Amino acid sequence: MAHPALDLRGIEKSFGNPVLTGVDLTVAAGEAVGVIGPNGAGKSTLLNIASGEIEADAGSIMFDGEDVTAAPSHTRCRRGLACTAQIPRPFERLTVFENVLVAAVFGHAQRRSERVAAGPAAAAIEQTGLADLANTPAGELRLLDRRRLELARALGTQPRVLLLDEIAGGLTEGEVHLLIDEILKLNAAGITILWIEHIVHALTAVVDRLIAIADGIVVADGDPAEVLADERVQQVYIGVG
């Protein structure tokens with residue numbers, strides 16, 4: 001029986017006040033899962049715990065059947081678990097290609113030479129529609145292309161699981177649709193997706209399953225249409241009822 005791509009159990013985290021209070025979340029290999037919830041629900045904290053950016057107070061994290069609860073973020077990345085930042089943080093003076101090359105060299109399971117990593121870096125740039133900007137300094141990019149660069153850097157590590165944190169935030173409607181198309185292609189290519197997003201229609205265009213979090217717990221998990229129609233979700237997230 002195949003292991004889940006990602007399996008979080010009993011995740012708890014407090015920053016003085018409880019943020020997550022016993023969250024369970026499982027993502028199957030090849031699945032695309034979206035996470036919604038009001039501000040302060042603990043969504044980004046959960047994603048950062050999954051990636052290893054922050055440590056949970058309690059609970060366990062299994063990645064492809066392997067316990068990575070104590071593994072740092074760079075170890076998880078090299079094993080195939082990549083994450084995009086909510087606020088893009090590229091090396092502003094480096095070009096688009098150089099930014100992705102750094103990720104491709106240092107974020108892969110086997111640290112590669114620049115010559116070997118150049119192919120995967122170029123492929124990630126092509127996948128995210130940045131080929132025409134490959135030699136542009138990252139600091140000169142508009143927001144959509146900075147988001148794409150954040151995605152390309154993650155793809156340069158050749159991940160099996162991709163964690164996306166509000167990657168559509170601040171984009172125009174047309175730009176959101178371009179991003180949706182790119183993420184659909186990545187999932188179709190076999191990359192497992194766990195995506196936190198406030199733009200709900202972007203999620204529902206991509207994901208197989210939707211999870212709603214509020215007050216540090218999962219309040220609904222299942223078919224996107226059914227989750228959005230759930231009375232608890234409408235009360236805590238959509239603000240009706």
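In the hairpin formed by strands S9 and S10, two residues lie between the strands, and Asp 215 adopts a positive phi near 55°. Helices (H or I, at least four residues) and strands (E, at least two) are DSSP runs, numbered from the N terminus. The model is predicted, so local features need pLDDT of at least 70 and side-chain atom pairs count only at pLDDT 80 or more, whereas totals for chains, interfaces and linings use all residues. Residues are numbered from 1 along each chain as its sequence is written, and side-chain values use heavy atoms, with hydrogens and water left out.

S9 (residues 209-214) pairs with S10 (residues 217-222) in the antiparallel sense over five bridges; two strands pair if DSSP finds at least two bridges between them. In this pairing, Ala 212 stands opposite Ala 220 in S10. Strand S3 (residues 32-36) also pairs with S9, in the parallel sense and over four bridges, and Gly 34 stands opposite Leu 210. Six of the six residues of S9 are buried, so the strand is largely enclosed by the rest of the structure. Buried means under 20% relative accessible area, exposed over 50%, and partly exposed in between (1.4 Å probe, protein chains only). Arg 209, Ile 211 and Ile 213 point one way from S9, while Leu 210, Ala 212 and Ala 214 point the other way.

Helix H1 (residues 43-51) is likewise mostly covered, with seven of its nine residues buried. Among them are Lys 43, Leu 46, Leu 47 and Ile 49. Gly 52, which follows H1, has a positive phi near 95°.

The largest nonpolar core contains 45 residues, of which Leu 151, Leu 162, Leu 164, Ile 183, Ile 193 and Trp 195 touch the most other members. Helix H5 (residues 143-156) gives the most to this core, with six residues. A nonpolar core is a set of buried Ala, Val, Leu, Ile, Met, Phe, Trp, Tyr and Cys residues joined through side-chain atoms within 4.5 Å. A second, separate core of 28 residues includes Val 23, Ala 41, Val 161 and Ile 196.

Helix H4 (residues 114-127) packs against H5 at an angle of about 145°, with the axes 8 Å apart. Axes are lines fitted to C-alpha atoms, for helices over the stretch in contact, and angles run from 0 to 180 degrees between N-to-C directions. Pro 120, Ala 124 and Gln 127 of H4 make the contact with Ala 152, Leu 155 and Gly 156 of H5.

Definitions and conventions
Contact means heavy atoms within 4.5 Å.
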